[in-house]
Amino acid sequence: MDLYGGAIQKLDRSLDYANLKNQTIANNIANADTPGFKAETVSFKDTLQQTMNSTFSAKRTNLKHLTFGSSESSSAFQVTKREGTSYMNSGNNVDIDKEMSELADNQLYYQALADRISGKFNSLSKVIKGGN
């Protein structure tokens with residue numbers, strides 16, 4: 001049974017993405033002075049587009065059959081290195097101002113998702129308690 005039409009699951013996946021992006025940005029900032037370090041980025045739009053293009057649904061003839069063809073995949077987000085640039089003589093390409101800006105943006109995104117999923121759980125709690 002999908003509560004809210006799968007909204008909670010989608011919010012959960014979005015939180016996973018925001019968490020991975022936060023970890024990646026933090027790693028970039030931590031290695032801003034490391035010679036030869038190449039900044040990493042988390043791609044989501046490419047993965048989303050691939051998933052949207054490859055989605056199919058299978059017909060289940062019995063409720064005991066397993067579902068397949070779901071758009072949820074285990075390798076949903078890809079971390080890639082930004083190879084083409086270099087901001088320092090050491091070969092490092094971390095732009096600290098850009099990373100800090102992305103970090104602030106990602107923190108706002110994460111907080112909005114957390115607030116939204118909290119609202120969903122509060123609604124469920126009210127229904128369970130009978131509106132009180």
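Let me start with Ile117, which, once its neighbours within four places in sequence are set aside, is in contact (heavy atoms within 4.5 Å) with Ile8, Leu11, Asp12 and Leu15. Before I go on, please keep in mind that this is a predicted model, in which local features need pLDDT of at least 70 and side-chain atom pairs count only at pLDDT 80 or more, while totals for chains, interfaces and linings use all residues. Residues are numbered from 1 along each chain as its sequence is written, and side-chain values use heavy atoms, with hydrogens and water left out.

Ile117 also belongs to the largest nonpolar core, whose six residues are Ile8, Leu11, Leu15, Ala18, Leu113 and Ile117. By a nonpolar core I mean a set of buried Ala, Val, Leu, Ile, Met, Phe, Trp, Tyr and Cys residues joined through side-chain atoms within 4.5 Å, and buried means under 20% relative accessible area, taken with a 1.4 Å probe and protein chains only. Helix 1 and helix 3, the latter spanning 96-129, each supply at least two residues of this core, and helix 1 gives the most, with four. In soluble globular proteins, nonpolar side chains tend to be buried together.

Stepping back to the whole chain, we find three helices and two strands, following the pattern α-β-α-β-α along the sequence; here helices (H or I, at least four residues) and strands (E, at least two) are DSSP runs, numbered from the N terminus. Of the 132 residues, 27% count as buried.

Now to the loop between helix 1 and strand 1, where Ala32 has its place. Is Ala32 buried or exposed? Ala32 has a relative accessible area of 11%, and therefore counts as buried. Not counting residues up to four places away in sequence, Ala32 touches Met88, Asn92, Val94 and Ile96. Ala32 and Ile96 are 64 residues apart in sequence, yet their C-alpha atoms lie 6.8 Å apart in space.

Finally, the largest cavity, which is lined by Lys21, Thr24, Ile25, Asn28, Glu40, Thr41, Val42, Arg82 and Glu102. A cavity is a set of points on a 1 Å grid over the protein atoms alone where a 1.4 Å probe fits but cannot get out, and lining residues have an atom within 4 Å of a point. Helix 1 (7-30) and strand 1 (40-43) are the elements giving two or more residues to that lining, and helix 1 gives the most, with four residues.

How values were computed. 1 Å grid on protein atoms, 1.4 Å probe; cavity = no way out; pocket = protein on both sides within 12 Å on 5 of 7 lines; lining within 4 Å. Buried < 20%, exposed > 50% of the residue type's maximum accessible area, 1.4 Å probe, protein only.
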